[in-house]
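We'll go from the whole chain down to single side chains.

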Amino acid sequence: MVDWVIGALINLLGSIFINFGTNLLKLGHDERKKLFVLSNFGTRMKPIIYFQAWRVGVLFFAIGNCLNFISFGYAAQSLLAALGSIQFISNIGFAYFILNKIVTIKLLLATAFVVVGNIFLVAFGNHQSPVYTAEQLAENYANVVFLLYCLGLVFVVALHHSIYNIGEGKMLVPFSYAVVSGAIGSCSVLFAKSLSNMLRLSMSSSGGGYSTLHTGFTYSMLLMFLSTGGFWMARLNEGLSRFDAILIVPMFQIAWTFFSICTGFVYFEEYKVFDALRTVMFVLGMVSVFVGIYLLAPDDDKPSKGGEVLKDGPLVLPKTSIFSDDVESLFMSSDQNSQIKDMEIIWTSYADENC
């Protein structure tokens, strides 16, 4: 079997595991918020680690990433990054059966656009995966074009981080959060592929054995992989606690896929195999992906379970035992950031139960 096919199959399985783990992580956060609301805001929120759904989600997420790590040694980075589209298919099923989310026709259409776009990316992407020596990998990291690309990433991260801090725009805020996470988190793919390449090189007959792994370059790549991968995991976990999974998960994956493809193009020069036809079809695939992003935007007016439409206006909390006078004291904090977080907790819990 061709190497890139082996890598693709392993990556597909890893992507399904990652998405399943991501939805379990979100389920753990939902259970945590509901427990806090049902306690009538009388106790502190329990640490997320105490919830079994979250712990199992971490396990599946870790296994999926390990499978993806292995796959990087057998296929091009841009190809494997595009194969993450399988998560959009599995995400609908997991969100429906695990999180009890309503899957609308618009969401299915958006997912179809994203999947079709990623199919184009896979079909017309780079199917090569040469094995590099440590010296070649080090030279690529010092390449002027790659350094300029990294400088551009810094600018993108700074811009979208400032947009997120401003906090205006119901779609722009989560999108900016996902862009910052994807721009930095996708670098873990590059470091993982470098490590996987070194491992594959050490296993080859001409690679010099496992002694090739005991170098300063390998350890530096491992450190960078753990740092960027840990950042991605932390941002994903926080994003799941702040935003709806059926919206933020596709955004995370799209940002991660886009920056992973760009990084592979620049660092490994994967664009060199492209002719005019492959370039056009690849661009069309990216356009289809972005159309899917646009369609993922939630409607301004969402019907509730009873068929009523929620109009714009101030939130009026119902007079129940849950929303008692204790809520008012929650908003009396002098710390504005703490106040905003408390409001997010109450609004998220209220919306989950009533919208």
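Start by colouring on pLDDT, the predictor's confidence in each residue, from 0 to 100. The chain averages 76, and 78% of its residues reach 70 or more. This is a predicted model, so to speak of local features takes a pLDDT of at least 70, side-chain atom pairs count only at pLDDT 80 or more, and totals for chains, interfaces and linings use all residues. Numbering starts from 1 along each chain as its sequence is written, and side-chain values use heavy atoms, with hydrogens and water left out.

**Whole chain**

Switch to cartoon. You'll find 14 helices and zero strands; helices (H or I, at least four residues) and strands (E, at least two) are DSSP runs, numbered from the N terminus. Among the elements, α7 has the highest mean pLDDT (93), and helix α13 (residues 326-330) has the lowest (37). Now select residues 300-355: the pLDDT is below 50 over this stretch, which has 50 contacts in the model beyond near neighbours in sequence. A contact here means heavy atoms within 4.5 Å.

The accessible surface comes to about 18,200 Å², with 67% of it belonging to carbon and sulfur atoms (Shrake-Rupley method, 1.4 Å probe; for residues, only the protein chains shown count as cover). Of the 355 residues, 46% count as buried, where buried means under 20% relative accessible area, exposed over 50%, and partly exposed in between (1.4 Å probe, protein chains only). As for how the chain folds back on itself, residues 24 or more positions apart account for 80% of the contacts with a separation of 6 or more.

**Leu25**

Select Leu25, in helix α1 (residues 3-38). Its relative accessibility is 0%, so it counts as buried. Which residues is Leu25 in contact with, leaving aside neighbours within four places in sequence? Show Ala53, Trp54, Gly57, Val58, Met233 and Leu240. Then put a C-alpha distance on Leu25 and Asn237: they are 212 residues apart in sequence and 7.2 Å apart in space.

**Asn118**

Hop to Asn118 in helix α5 (residues 105-123). Asn118 is buried too, with a relative accessible area of 3%. Its C-alpha atom is separated by 9.2 Å from that of Ala81, 37 residues away along the chain.

**The cores**

Next, the nonpolar cores: sets of buried Ala, Val, Leu, Ile, Met, Phe, Trp, Tyr and Cys residues joined through side-chain atoms within 4.5 Å. In the largest, which has 40 residues, select Leu240, Ile248, Phe252, Ile261 and Phe282; these touch the most other members. Helix α11 gives the most to this core, with nine residues. Zoom in on Ile248, which is in contact with Pro174, Gly239, Leu240 and Phe243 once neighbours within four places are set aside. A second, separate core has 21 residues, among them Tyr141, Val179, Phe217 and Phe268.

**Rings**

Rings (for Trp, the six-membered one) pair if their centres lie within 6.5 Å; planes under 30 degrees apart count as stacked, over 60 as edge-to-face and the rest as tilted. That rule gives 19 aromatic pairs. One of them is Tyr164 with Tyr177, tilted, at 5.2 Å centre to centre and 55° between the planes. Tyr164 lies in helix α7 (residues 144-166) and Tyr177 in helix α8 (residues 172-185), so the pair ties together parts that are 13 residues apart in sequence. Both of these tyrosines, Tyr164 and Tyr177, are buried.

Another tilted pair is Phe265 with Phe282, at 5.2 Å centre to centre and 50° between the planes. Phe265 sits in helix α11 (residues 245-268) and Phe282 in helix α12 (residues 276-295), 17 residues apart. Both Phe265 and Phe282 are buried.

For a group, select Tyr132, Tyr141, Phe146, Phe191, Phe217, Tyr267 and Phe268, which form one aromatic cluster. Pick out Phe146, found in helix α7 and buried at 6% relative accessibility. Beyond residues up to four places away, Phe146 touches Asn140, Tyr141, Leu190, Thr263, Val266 and Tyr267. From Phe146 to Phe268 is 122 residues in sequence and 9.5 Å in space, C-alpha to C-alpha.

**Charges over rings**

Last stop. A charge sits over a ring if NZ of Lys or CZ of Arg is within 6 Å of the ring centre and within 35 degrees of the ring normal. Select Lys193 with Phe268: the charged end sits over the ring, 5.5 Å from its centre. Then go to Arg235, whose charged end sits over the ring of Tyr177, 3.9 Å from its centre.
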